[in-house]
Amino acid sequence: MDFGGGDEIRFERLGRAGVVTLTRPQALNAVTHRMVKALDKALRAWERDDGVDVVVVKAEGRAFSAGGDILHIYEAGRAGKPPVEFFADEYRLNAYIARFKKPYVALVDGIVMGGGVGISFHGSHRVMTENAQFAMPEVGIGFFPDVGASHLLPDLGGSFGMYLALTGNRIRHGDALWSGLATHTIKAEDQPSVLDRLALTGDPESVLRGFFVPAKRETDGPILEAIARHFAQPSLPDLIDSLDRAGKDEFAARTLATIRMRSPTSLRVAWRQISAGQTLSMDDCMRMEFRILNRMLAGHDFYEGIRAAIIDKGSKPQWRPPKIDAVSEADVGAYFSPLGDRELEL
């Protein structure tokens with residue numbers, strides 16, 4: 001079935017299922033513009049097709065998807081042509097997946113981050129194996145947790161979503177299940193059988209119940225309580241102060257050290273974005289994120305973060321400004337201001 005996408009993404013009909021496979025394993029299935037456009041086209045066709053009862057999204061190789069194609073974004077932005085259209089189409093796709101009328105099953109085996117989260121975690125069934133790891137690490141590259149993270153993360157109890165957004169830390173399948181990010185956990189070896197059953201019955205509820213293997217939460221009670229206490233503070237300075245005052249507490253010290261490595265601008269923006277997302281619809285979250293995106297692509301820290309992480313691997317990013325208290329409320333507000341005739345149309 002050819003919906004475009006070349007050799008980067010594959011579409012098949014297996015019985016009652018429309019099956020999407022990400023096929024860029026050598027690039028850890030990083031999401032490209034071509035993949036976004038092809039997936040959108042396939043979903044629109046399958047939503048209208050009475051022969052398709054369920055959509056399944058999976059990936060080849062050891063990662064589900066490690067994010068977006070940031071090297072391409074870096075090069076385009078550096079050349080003065082930031083790929084705004086790529087993000088507009090990606091965000092439209094994220095919003096469409098969230099309102100997709102049929103069951104949408106993501107089989108996540110391996111790492112899922114950034115853009116990969118956007119095409120998997122807004123669906124109805126988010127299935128993770130013991131190999132799965134989830135992260136939204138954008139504040140570490142001077143960016144912000146996008147692709148609908150402002151809709152996804154505020155829903156997690158105990159301020160766990162704010163913790164994930166501001167640290168960029170990875171979690172495994174147990175934490176994902178217990179926080180509500182994942183809806184089911186299964187054994188990696190059962191994936192082919194799950195796919196076969198979905199193709200046969202088209203009914204993910206009964207199939208996934210049959211293969212469900214409970215996963216224990218990896219983060220223990222005292223640390224979850226610490227996350228809830230620190231990350232529910234009414235402002236970012238209060239949060240940092242709360243971690244600082246915890247003194248010799250190992251979790252607080254480690255978390256504070258992690259946050260201090262991140263872009264101060266990204267932290268400020270992400271704090272406000274995740275806070276705002278609590279009361280916004282998915283569509284309004286995507287409009288807000290598109291406003292932020294346009295300012296990030298015109299700024300300094302995003303390109304500096306990618307330079308340090310990818311171009312000059314392992315070098316220390318020089319954030320501007322370098323300290324959190326040097327980022328004013330007005331600076332943050334500018335990221336959220338309307339775009340006039342450039343707003344995201346959904």
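Predicted model: local features only at pLDDT ≥ 70, side-chain atom pairs only at ≥ 80, totals over all residues.
Residues are numbered from 1 along each chain as its sequence is written, and side-chain values use heavy atoms, leaving out hydrogens and water.

Let us begin with the sheet. Strands of a sheet pair through backbone hydrogen bonds, either parallel or antiparallel. Here 6 strands form an open sheet with mixed pairing, in the order β1-β2-β3-β5-β7-β10. At its edges are β1 (9-14) and β10 (184-185), each pairing on one side only. Strands (E, at least two residues) and helices (H or I, at least four) are DSSP runs, numbered from the N terminus, and two strands pair if DSSP finds at least two bridges between them. For an example, look at β2 (residues 17-22) and β3 (residues 54-59), which pair in the parallel sense over 6 bridges. Val20 has Val57 as its bridge partner in β3.

Helices lie on this sheet too. Helix α9 (residues 204-211) packs on the sheet, touching β3, β5, β7 (125-128) and β10, and its direction makes about 20 degrees with that of β7. Helix α1 (residues 33-48) lies across β1, β2, β3 and β5 (104-108), running at about 20 degrees to β1. Contact means heavy atoms within 4.5 Å; axes are lines fitted to C-alpha atoms, for helices over the stretch in contact, and angles run from 0 to 180 degrees between N-to-C directions.

Now for charges. Side chains of opposite charge can pair when their charged atoms come close. The whole structure holds 17 salt bridges, each a side-chain nitrogen of Lys or Arg within 4 Å of a carboxyl oxygen of Asp or Glu. One of them joins Asp49 and Arg13 (3.1 Å, N to O). Asp49 lies in the loop between α1 and β3 and Arg13 in strand β1, so this pair ties together parts that are 36 residues apart in sequence. Another salt bridge joins Asp53 and Arg16, at 2.7 Å from N to O. Asp53 is in the loop between α1 and β3, and Arg16 is in the loop between β1 and β2, 37 residues apart.

Buried means under 20% relative accessible area, exposed over 50%, and partly exposed in between (1.4 Å probe, protein chains only).

Next comes helix α2 (residues 70-78), whose buried residues are Ile73, Tyr74, Ala76 and Gly77. These buried residues pack against α3 (84-98), α14 (282-297) and α15 (301-311). Just after α2, Gly80 takes a positive phi of about 85 degrees.

Our last stop is a pair of helices. Helix α6 (residues 160-167) and helix α12 (residues 250-261) pack at an angle of about 50 degrees, with their axes 9 Å apart. The two are therefore oblique to each other: angles under 35 degrees count as roughly parallel, over 145 as roughly antiparallel, 65 to 115 as roughly perpendicular and the rest as oblique. Tyr163, Leu166 and Thr167 in α6 meet Phe251, Thr255, Thr258 and Ile259 in α12.
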